[in-house]
Amino acid sequence: MAYDEELAERVRGVLDGGPLPTEKKMFGGLAFLIDGHMAVAVSGRGGLMVRVDPEAGERLTDAPAVAPMVMRGREMPGWLRVAAEAVAGDRELRAWVERGVAYVRTLPPKTARKKSAKNP
């Protein structure tokens, strides 16, 4: 399933005027990265993937339509899957996008890795 282009445009609207994100297609969706860290992604399975403080993740899953992110059968601490119905309104979408951006701003910027024979 392709990611929701309309939701991607809405995310761009929230990010407009803030730190300039890099967009990258990954995991069947469209990720928005700030300083090399993925803050939020429009998921190919619908809704969003949002990066949060791992300590806050469990508390945030109490919200309706929010669950821990699971990849290959493993729960990913600090990542939440937010269902499309939980971001249907502009206020709700803004809150989740800003939460992801705020968290990645606490992380040091990623530096580009140099390619080597071992790591092309």
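Which strands does helix 1 (residues 5-15) lie across? In this predicted model, helix 1 lies across strand 1, strand 2, strand 3 (37-42) and strand 4, and runs at about 10 degrees to strand 2. Helices (H or I, at least four residues) and strands (E, at least two) are DSSP runs numbered from the N terminus. Axes are lines fitted to C-alpha atoms, for helices over the stretch in contact, and angles between N-to-C directions run from 0 to 180 degrees.

Residues are numbered from 1 along each chain as its sequence is written, and side-chain values use heavy atoms, with hydrogens and water left out. Because the model is predicted, local features need pLDDT of at least 70 and side-chain atom pairs count only at pLDDT 80 or more, while totals for chains, interfaces and linings use all residues. The chain averages a pLDDT (the predictor's confidence in each residue, from 0 to 100) of 89, and 92% of the residues score at least 70.

Over residues 22-102 the chain is 25% helix and 44% strand, with the end C-alpha atoms 16 Å apart.

Six strands form an open sheet in the order 1-2-3-4-6-5, with antiparallel pairing; two strands pair if DSSP finds at least two bridges between them. Strand 1 (22-26) and strand 5 (66-71) are the edge strands, each pairing on one side only. On average, neighbouring strands of this sheet are turned by 40 degrees against each other, direction ignored. Strand 1 is joined to strand 2 (residues 29-34) by five bridges, and Lys 24 has Ala 31 as its bridge partner in strand 2. Strand 4 and strand 6 are joined by four bridges, with Val 50 opposite Leu 80. Between strand 5 and strand 6 there are six bridges; Val 70 stands opposite Glu 75, and Ala 67 opposite Arg 81. The hairpin of these two strands has two residues between them, and Arg 72 takes a positive phi near 50 degrees there.

Helix 3 (residues 90-104) lies across strand 2, strand 3, strand 4, strand 5 and strand 6 (74-82), at about 35 degrees to strand 4. The largest nonpolar core has 29 residues, and Leu 93, Trp 96 and Val 97 are among those with the most contacts inside it. A nonpolar core is a set of buried Ala, Val, Leu, Ile, Met, Phe, Trp, Tyr and Cys residues joined through side-chain atoms within 4.5 Å. Helix 3 gives this core its largest share, six residues. Leaving out residues up to four places away in sequence, Val 97 touches Val 11, Val 14, Leu 15 and Val 40, contact being heavy atoms within 4.5 Å. A second, separate core of seven residues includes Ala 31, Leu 33, Ala 41 and Met 49.

Pro 109 is found in the segment after helix 3. Pro 109 counts as exposed because its relative accessibility is 55%; buried means under 20% relative accessible area, exposed over 50%, and partly exposed in between (1.4 Å probe, protein chains only). Apart from neighbours within four places in sequence, Pro 109 is in contact with Asp 35 and His 37. Pro 109 and Asp 90 are 19 residues apart in sequence, and their C-alpha atoms are 28 Å apart.
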